[in-house]
Amino acid sequence: MAVLPLIYAPHPVLDRPTTRISKVDSKIHKLIDDMIETMHANYGVGLAANQVGIPLRIAVIQGPDDIRPLIFINPEIVKREGRRELTEGCLSVPGYQGEVGRSVTVKVKAMDIDGRLFRIKAEGNLLAQALEHETDHLDGKLYVERLLNKDSIYKIERDLTNDEEDSNHTAPSAESR
Ligand code: CO
């Protein structure tokens, strides 16, 4: 496994829709392993493949309370309901947080690491937020396109050597994804 270099905005690979996977092979498995390691190394709650420069439709998500990462190949949101306002950050937009509009309930259809279809529903939690954030990435969108208004983004002071404790708690959720 390897920690991959992150791509920062602005960069075209973050702005373009990613390509669906037709076959889940050992190369894809290797990429997913590296994405998980990269997410952990950067204290992220999620990571999309284009954030490490690979324009494929793959995302990983692991909240602070999750024992293992969730893996999404070709994820698609099949249902959204409700609306809420949340604080959000992104590994590709370091040093900033913003207030965004998100759904309350999110249902996603995706393939797992064995190429089997599964569905997952999240409601009012960090996973629901992360599912929208990561599928946005894979559609070529950053959270800064979801700001409540143009002033809803601000700089944060962040010292990763000292705020690991904070990074592992989620209310209000301002984790980087
Ligand atoms: Co992000």
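These legends go with a few close-up views of a predicted model.

Residues are numbered from 1 along each chain as its sequence is written. Local features need pLDDT of at least 70, side-chain atom pairs count only at pLDDT 80 or more, totals for chains, interfaces and linings use all residues, and side-chain values use heavy atoms, with hydrogens and water left out.

**View A. The largest nonpolar core.** This core has 17 residues, and Ile-32, Met-35, Leu-47, Ile-58, Val-60 and Ile-73 touch the most other members. (Helices are DSSP runs of H or I, at least four residues, and strands are runs of E, at least two, numbered from the N terminus.)

**View B. Around Ile-58.** Leaving out residues up to four places away in sequence, Ile-58 touches, among others, Ile-21, Ile-28, Phe-72 and Leu-138 (contact means heavy atoms within 4.5 Å).

View C. The order is 4-5-8, with antiparallel pairing (two strands pair if DSSP finds at least two bridges between them). Strand 4 (84-88) and strand 8 (153-155) are the edges, each pairing on one side only. Strand 5 (residues 96-102) meets strand 8 over 3 antiparallel bridges; Gly-98 has Ile-153 as its bridge partner there.

Conventions. A nonpolar core is a set of buried Ala, Val, Leu, Ile, Met, Phe, Trp, Tyr and Cys residues joined through side-chain atoms within 4.5 Å. Buried means under 20% relative accessible area, exposed over 50%, partly exposed in between (1.4 Å probe, protein chains only).
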